Amino acid sequence: MIGMIFILTWCTVGMIRIIANLPKDDRKRFFLSLVNPKIMLKNIRDIFCDCLFHVKLWKRNRLLGYMHSSIAFGWFMLIVIGHIEVFFYAPHRAKLLYFPIFFRYFMAEDDSTMGGAFFFFLMDFFLLVVLSGIALAIVKRVHSRFFGMRRTTNPSFMDLVGLYSLWSIFPLRLFAEGFTADISGGSFLTESLNHVFHAFLGNHMNMLPTWWAYSLALGIFFCALPFTRYMHIPTEILLIPLRNAGVRIRHPRKGYAEAEVYACPSCGVCIDACPMGVMKTHIKDTTVYLNRQLRRHNETRIEEISDKCLLCGKCTAVCPVGVEGDRLRIAQRSARKYNISPDYSCIDTDILKKEASFRAPASGKVLYFAGCMTALTPQIRKSVESVLTRCGTDYEFMDRDGGICCGRPMLMAGRFDAAEEMIAKNTDIILGSGADTLLLSCPICYRIFRENYNLGKMRIVHHTEYFAELIGSGTIGMLHGSDRYVFHDPCELGRGCGIYDEPRAVLSAAGELVEAEKHHRESICCGGSLGSLTLGFGKRQAMTENALHNLTAASPDSIVTACPLCLSTFHRYADRPVMDIAEVVDRNMIPADSNDIDD
Amino acid sequence: MMNFGFKIAPSATINLDNVDMEKFTLLHEMEPDVYKCMACGSCSATCPAGRFTGMSVRKVILDLQRGREKEAVRMLKGCMLCGKCSMVCPRGINTRHLILSVCRIYNEDKQ
């Protein structure tokens, strides 16, 4: 009872605090979304799917999904049916919160409850479901591999308190109900247990200690809940409507970020996902531990963890509750104070504008922005230019002699003002050129151009998309060779922008496409990411080798990627050729004109 | 004094005894790699900001070692943090983090 009151006040205060900390327009959007029937339906569906059925965990591993959904859904049904029971048999007590929980203790079986055999059966059934889930949870503590998890989270002390009290609640409930089954009625589980007990314990007074123990375990669980990972149960219910309302992280600690931190169930799915996990020393730098340190306000560790991350976004992609590990870290970085702030006002954009401008009318033309990274891998820009020239596209090279950085690396370091300044400069140049397609070679640029630039009606494409289109429309033909290619999804292109099918379409046209062991959303970062501020070269080697090992699982002839940074990183350690997709297209393409001649 | 229309260039001598190295010591504690730099200039050659603002990590490190804070800070203000310098560094220095550390330790007001 005390536990119940405590947790309800705590949750209400917490909810009000989070909502109060949201920026004004976000708060307005949130309240509006609550009355919007479409979003409301989505909220309800998401809460059922994520909180109760754990659909995302089912997709990951069936046993893991069953374990979580049996406990969550089983418990939920116990509560619901418990309330229905009370409503039917003791309507005058229905307003008391504790009554359904201890229903069997208060009620004695008589003529009126006999009809409840159906409910009793359901109660016992769901109790069995929960118990099976808890049995699995105990097995998982010892052997997490059965559940498809190589590593699990190391629980903190308070987590253990919560864990053990949660584990003990349901067996104790079973015992307690078993003892009273002959008085209050029961079903297949409790009644048979009752017979067993009667074989050696005749006195009904024995039931009291078990009921006390049951109520004590419940009380401890609820009192400890706010300080344990189980806080995710109430927080997730708040997080889902917030997310559906379109609220995003604006402040490193308050508002939506706080909701995400407390919604983390410490399940540890992100530990196996993290590309840094190949080295044991980095395990404590995964998102689970970031969230734990954020709850504890341990500033030194928060800084360490958030600076080390590669920002590949895989933890965000696999997270069953949708905690955005990468965005959380960028937000932490943005809170840092620097004494020297960049100032690009002295950069003269006139030269760049002149370089980017078209001689003839520019409508329908392509502006090619290779990006800083591509300057280190000239084969990409050479191939792209060659393809563009051979299919007769009228294009202009925006940064032939180097241009202004897109701003994404600066944004990743959390320095938003400086990034904004670069964005403004580039926008000015690009709009000034008058072209209506912006072609990019670097996924890092591509992402910030899509997310943070406002280029009006101009189309922003990455060269993978552009080539896929050219091939699809028949502008260029591809020579289908016998080479086996594997495609490495760059973090920013795949998880960042959702481009998965276009590069694969291009490669299937050029040869045989094989998949890596982990691909699409689960692709492993090459280890060269600009996201990490503190990781030095030596520490990245193991990650790159791990990523290469993953890619070569199907023994392809060459590794193909679409990111200059991945390309140069893989080049260093790969045992077979690494190419950019532009090189493959350049090598295998047959321009449409020559096709006609052949005919 | 006779006016020849030109003068001897001002002395470029730096008296290290007069230079306050406290901040550089602090920087060295945070970034031990700063002494690894052999001033090869790979970073300056790849720097996209160098074309516009004269930014050069090599010069920044040298200037800081010699106590010429003002010049170093002026250059750092042009850095775009693209990270290419750390990719090409033959000594494997994490120049990107070095730049961020310098931005934290040194002040632009005290020029």
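pLDDT is the predictor's confidence in each residue, on a scale from 0 to 100. This is a predicted model, in which local features need pLDDT of at least 70, side-chain atom pairs count only at pLDDT 80 or more, and totals for chains, interfaces and linings use all residues. Residues are numbered from 1 along each chain as its sequence is written, chains are lettered from A in the order in which they are written, and side-chain values use heavy atoms, without hydrogens and water.

**View 1. Confidence along chain A.** Chain A averages a pLDDT of 85, and 90% of its residues score at least 70. Confidence is highest in strand 9 (residues 578–580) of chain A, at a mean of 95, and lowest in helix 29 (residues 592–598) of chain A, at 49. Over residues 595–599 of chain A the pLDDT is below 50, and this stretch has one contact beyond near neighbours in sequence. Contact means heavy atoms within 4.5 Å. Where pLDDT is low, the predicted coordinates should not be read in detail. Helices (H or I, at least four residues) and strands (E, at least two) are DSSP runs, numbered from the N terminus.

**View 2. R295(A), a buried arginine without a salt bridge.** R295(A) lies in helix 15 (residues 287–296) of chain A. Buried means under 20% relative accessible area, exposed over 50%, and partly exposed in between (1.4 Å probe, protein chains only). A salt bridge puts a side-chain nitrogen of Lys or Arg within 4 Å of a carboxyl oxygen of Asp or Glu. The nearest side chain of opposite charge to R295(A), D159(A), is 5.5 Å away. The side chain of R295(A) reaches the backbone oxygen of C264(A) at 2.8 Å. Leaving aside neighbours within four places in sequence, R295(A) also contacts T228(A), R229(A), V261(A) and Y262(A).

**View 3. G498(A) in a loop of chain A.** The loop runs between strand 6 (484–487) and helix 25 (501–510) of chain A. G498(A) counts as partly exposed because its relative accessibility is 46%.

**View 4. The buried side of helix 4 (residues 57–65) of chain B.** Chain B has seven helices and zero strands. The buried residues of helix 4 of chain B are V57(B), V60(B), I61(B), D63(B) and L64(B). They cover an arc of only 165° around the axis, so they lie on the same side of helix 4 of chain B. The arc is that of the directions from the helix axis to the C-beta atoms. Their cover includes helix 1 (22–30), helix 2 (42–46), helix 5 (69–76), helix 6 (84–88) and helix 7 (95–105) of chain B. Just after helix 4 of chain B, G67(B) takes a positive phi of about 75°.

Methods:
Lys, Arg positive; Asp, Glu negative; His and termini not counted. Polar contact = N/O pair within 3.5 Å; in protein donor to acceptor, adjacent residues only side chain to side chain.
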